[in-house]
Amino acid sequence: MVKFLKPGKAVLLLQGRYAGRKAVIVRNFDDGTRDRPYGHCLVAGIKKYPSKVIRKDNTKKTAKKSRVKAFVKVVNYRHLMPTRYTLDVDLKDVVTVDTLQSKDKKVTASKETKKRLEERFKTGKNRWFFTKLRF
Amino acid sequence: MVAAKKTKKTHESINNRLALVMKSGKYTLGYKTMLKTIRNSKAKLVIISNNCPPLRKSEIEYYAMLAKVGVHHYNGNNVDLGTACGKYYRVCCLSIIDPGDSDIIKSMPGDH
C-alpha cells in the first residue's frame with residue numbers, strides 16, 4: 001500500500017547482462033510510455049564493483065582498486081528485485097531519457113555516474129551498495 | 001487440542017471472508033499479477049498457500065514488507081486456496097485489491 005519503487009531505491013537487476021548487479025532507481029515510469037507500455041524505470045548501476053583494499057596497498061593501488069564502473073539502463077519492473085536500502089545520490093540531471101538515445105550520450109552519462117558513485121564509495125557510506133552480491 | 005479447534009473455527013471464517021471478497025470485491029490470483037499489484041501499491045492483503053515454494057514465499061513477504069501490505073499464510077495448500085476462491089484451479093498466492101463488503105482486511109492482518 002506504500003509505493004516503494006521510488007527514486008533513490010537500491011535494487012538488484014535480475015535479468016540481462018547486468019543480472020546480479022546493484023543499481024539505484026533514478027526515475028520511474030509507473031504507467032509506462034507509448035514505446036514501453038509496462039512499468040519501467042531508469043536505473044544507474046555498478047558494472048564493475050570496487051575491489052577490496054587492504055592496509056598494505058599504497059595510495060596508487062588504493063586509487064586503482066577503488067574504481068567503479070557504472071552503467072545506465074532502462075529496466076522493466078519485473079526484472080528488478082527491490083531492497084530495503086536506499087542510495088541518495090543526485091543523478092537526476094545526469095541520467096535522463098534522452099541520454100539513452102545515442103551511444104556517446106550514454107557513455108558520457110555513465111562516466112558522470114561513475115564519478116559520483118566513486119566519490120560516494122570513498123566516503124565509506126552505503127557500504128552495502130558497493131559490495132558485490134554473492135550468488 | 002484447543003489450538004486445533006481454534007484454528008478450525010478461524011479457518012472457516014477466512015474461507016467465508018474470502019468467498020465474500022470473491023463475490024463483492026476486487027482481487028487478483030496468481031504470482032505475476034499479485035506482484036504487479038504490490039508494485040503499484042494497489043494490494044491491501046496478500047494470501048499465500050502453505051505449499052508455496054519457500055523462496056517464493058520469502059520473496060512475497062519481502063515485497064509485502066516494503067509495501068507495508070499484510071500477508072496471511074493460508075492454512076491449506078494451493079488446491080485448497082483455489083477451492084476457497086471458488087475456482088477450479090490451484091491458487092498459490094493471491095492479492096486482495098478491494099475487499100468489497102468483507103472485513104478480511106480489518107480482521108486478518110493481525111495474523112502474520
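Two strands are said to pair if DSSP finds at least two bridges between them. Strands (E, at least two residues) and helices (H or I, at least four residues) are themselves DSSP runs, numbered from the N terminus. In chain A, A:N28 stands opposite A:C41 in β3(A). The structure is a predicted model, in which local features need pLDDT of at least 70, side-chain atom pairs count only at pLDDT 80 or more, and totals for chains, interfaces and linings use all residues; side-chain values use heavy atoms, with hydrogens and water left out. Residues are numbered from 1 along each chain as its sequence is written, while chains are lettered from A and ligands numbered from 1 in the order in which they are written.

Chain A contains two helices and five strands. Along the sequence these elements follow the pattern β-β-β-α-β-β-α. The radius of gyration of chain A (taken over C-alpha atoms) is 15 Å, close to the 14 Å that the globule rule gives for 135 residues, so chain A is as compact as a globular protein of that length. The globule rule is 2.2 Å times the number of residues to the power 0.38. Along the principal axes, the C-alpha atoms of chain A fill a box of roughly 55 × 35 × 25 Å. Of the 135 residues in chain A, 41% are buried, where buried means under 20% relative accessible area, exposed over 50% and partly exposed in between (1.4 Å probe, protein chains only). Of the contacts (heavy atoms within 4.5 Å) in chain A with a separation of 6 or more, 63% are between residues 24 or more positions apart.

Strand β3 (residues 40-48) of chain A has seven of its nine residues buried, so β3(A) is largely enclosed by the rest of the structure. β3(A) pairs in the antiparallel sense with strand β2 (residues 22-29) of chain A over six bridges. With strand β4 (residues 69-76) of chain A, β3(A) pairs in the antiparallel sense over eight bridges. In this second pairing, A:G45 stands opposite A:F71 in β4(A).

Individual buried residues were also examined. A:V11 lies in strand β1 (residues 9-13) of chain A and is buried, at 0% relative accessibility. Not counting residues up to four places away in sequence, A:V11 touches A:R21, A:K22, A:A23, A:I25, A:V43, A:L80, A:M81, A:P82 and A:T83.

A:F129 is found in the segment after α2 (103-123) of chain A, and is buried, with a relative accessible area of 2%. Residues touched by A:F129, not counting those up to four places away in sequence, include A:A10, A:I46, A:L87 and A:L117. A:T99 is placed in the loop between β5 (80-86) and α2 of chain A and counts as buried at 9% relative accessibility. With the same exclusion of residues up to four places away, A:T99 touches A:V94, A:K105, A:K106 and A:A109.

In chain B, the buried residues of helix α2 (residues 31-39) are B:M34, B:L35, B:T37, B:I38 and B:R39. The buried residues of α2(B) pack against β1 (26-29), β2 (45-48), α3 (54-67) and β4 (93-98) of chain B. After α2(B) comes B:S41, whose phi is positive, near 55°.
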